[in-house]
Amino acid sequence: MSAKKEISFTEGPIFGSLIRFAGPVLGALILQAAYGAVDLLVVGQFGDAASISAVGTASSFMQMVTFIITSLAMGSTVLIGQHIGEKNPKAAGDAVGTTIILFAVIGIVLTVALEASAEVIVRILQVPESATEKAVLYLRICSGGLLVIITYNVISGILRGIGNANLPFVFVIIVCFLNIDAELLPSGLLGMDVAGVAIATVFAQFVSVVFSLGIIRRQKMPLEFSLKQCRIYPVELKKILHVGIPIALQETLSEVSFLVINSIVNSMGLMPSAGYGVAQKLVSFIMLVPSSVMQSVSAFVAQNIGAGKQKRAQRGYLTAMGTGVCIGILVFLAGFFGGSAMSSLFTSDAEVIAESASYLRGFCLDCILTCVMFSTSGYFNGCGNSMPVMLQGISAAFCVRIPVALYMASLPGASLFYIGLTTPISTLYGILFYGICFAWIRRKKGKKHAA
């Protein structure tokens, strides 16, 4: 691949630029979710309900950790995109060097912390007793490979910041196929169960990182970077953290709220726990469209803000949101009417399938609503103003999602359908919150012009 694969968002048709960028992003997210779902698919075929519950809960926790890292790396993506829009390749290189050192330190600290606290985490998540030992094992193996997972996601974030979504797509293709092949041998043929899928996941990520570093060294990038720049530049670090910390904090607390819901479901029994684990893997696919839209909007807006093209940034945001909603409607229909068929891909247990489908029917309206909310989050992130994103995420998680989930679980005859409704309810709140933010910003600008 050549540097021509990098997309300039500051000129040309908006829709075409977004589609050419969002396509590989969506493809990468699909495959990334696929290799994550393979864990559950394999243990669902070769293990039992306890294995499904263990992998479902422990992988959700590791997914939370990965999302936090990706969210913090969004600060680098946005900053690099702004430097590219400013046509300042030296500053973009400094941002890359700062990012490498920052995330190396974070990775080491997190690895030690998670290895030491795996048993405590599993107890907090109220994993059913029959699945506890397996959940701890899965968590410790994946935590041991956390540096590899962080490296992969940071590389992808840097590349998207310069407008290259194709190489991350190639890297995740490698991870996906390696993971599938690597998991079938230890878990299926050797009977390693949960340990087999965890080891295979880390191994696939490691091979992809080695491959990606080899390719990047041969690429001509629109930035000036050398190993001498692998140090902390205070100005760049401040900007990265200014954008990344609010996003990461929002993502952390949002994911914590989902883990609380997971804990609530676990307390309902083994079958609801297993069904929820299957449903969450399907949700990881369902939410790919809004996730790809958010990443695309962030990169598009960042480059145009850097180039001083505010109106073009706004048009890109609205175009991406409209496109995402149209696709979200189709995904909603698939989730509402096809939940049982999709759940049967992961397990043949009829009770687990029924529980999973019940959750999806309550949840799937979020496929439409989240395209609106994630697009808006991407717009604020791309502008370098991630504070509204943080405030929305925190308030939605702790003032809406958790209280509503607790209320739904307390209803007579409570089922996963009611638990599933908590997510679209909290997303609707998020949309209203952003609407208020936009109104406040317009009013503030109006007062400045009047003065």
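In which helix is Thr376 found?

1. Thr376 is found in helix 14, which covers residues 366-382. This note concerns a predicted model, and in that model Thr376 counts as buried, at 3% relative accessibility. Along the chain, Thr376 and Gly435 are 59 residues apart, and their C-alpha atoms are separated by 9.5 Å.

2. Aromatic residues. The count of aromatic pairs comes to 13. An α-helix has 3.6 residues a turn, so residues three or four places apart point the same way. The two residues fall into separate accessibility classes: Tyr429 is partly exposed at 26%, whereas Phe433 is buried, with a relative accessible area of 18%. The cut-off for a buried residue is under 20%. Tyr429 and Phe433 also belong to one aromatic cluster, together with Tyr317, Tyr379, Phe380, Tyr434 and Phe438.

3. A charge over a ring. Arg231 lies over the face of Tyr233. The distance from Arg231 to the ring centre is 4.0 Å.

4. How many salt bridges are found in the whole structure? The search finds 2. One of them joins the side chains of Lys90 and Asp94, with an N to O distance of 2.9 Å. Lys90 and Asp94 are both in helix 3 (residues 89-124), and their separation of 4 residues amounts to about one turn of the helix. Lys90 is partly exposed, at 41% relative accessibility, while Asp94 is buried, with a relative accessible area of 8%.

5. Arg140 is partly exposed, with a relative accessible area of 31%. Glu119 likewise counts as partly exposed, at 40% relative accessibility.

6. Lys87 lies in the loop between helix 2 (49-85) and helix 3. Lys87 has a positive phi of about 60° although it is not a glycine. Most residues other than glycine have a negative phi. Is Lys87 buried or exposed? Lys87 is exposed, with a relative accessible area of 73%.

7. Helix 5. Helix 5 (residues 146-161) has 16 residues, which at 1.5 Å a residue should span 22 Å; the end C-alpha atoms are 23 Å apart, in agreement with that expectation. Of these 16 residues, 14 are buried, so helix 5 is largely enclosed by the rest of the structure. The helix is followed by Gly163, whose phi is positive, near 90°.

8. Helix 9. The 17 residues of helix 9 (residues 270-286) reach 24 Å from the first C-alpha to the last, close to the 24 Å expected at 1.5 Å a residue. This helix is mostly covered, with 14 of its 17 residues buried.

9. Helix 10. Why is helix 10 described as largely enclosed by the rest of the structure? The description holds because 17 of its 19 residues are buried. Just after helix 10, Gly308 takes a positive phi of about 75°.

10. A nonpolar surface patch. Ile329, Leu330, Leu333, Phe336 and Phe337 make a nonpolar surface patch of about 510 Å². Ile329 is found in helix 11 (residues 310-337). Ile329 is partly exposed, with a relative accessible area of 39%.

Terms used: Residues numbered from 1 in each chain as written. Predicted model: local features only at pLDDT ≥ 70, side-chain atom pairs only at ≥ 80, totals over all residues. Heavy atoms only, no water. Helix = DSSP H or I, 4+ residues; strand = E, 2+ residues; numbered from the N terminus. Expected span 1.5 Å × (residues − 1). Buried < 20%, exposed > 50% of the residue type's maximum accessible area, 1.4 Å probe, protein only. Patch = residues over 30% accessible without salt bridge, like charges linked within 9 Å, V, L, I, M, F, W, Y side chains within 5 Å. Areas by Shrake-Rupley, 256 points an atom, 1.4 Å probe, with all protein chains shown as cover. Salt bridge = Lys/Arg side-chain N within 4 Å of Asp/Glu carboxyl O. Phe/Tyr/Trp six-rings, centres within 6.5 Å; stacked < 30°, edge-to-face > 60°. Lys NZ or Arg CZ within 6 Å of the ring centre and 35° of its normal.
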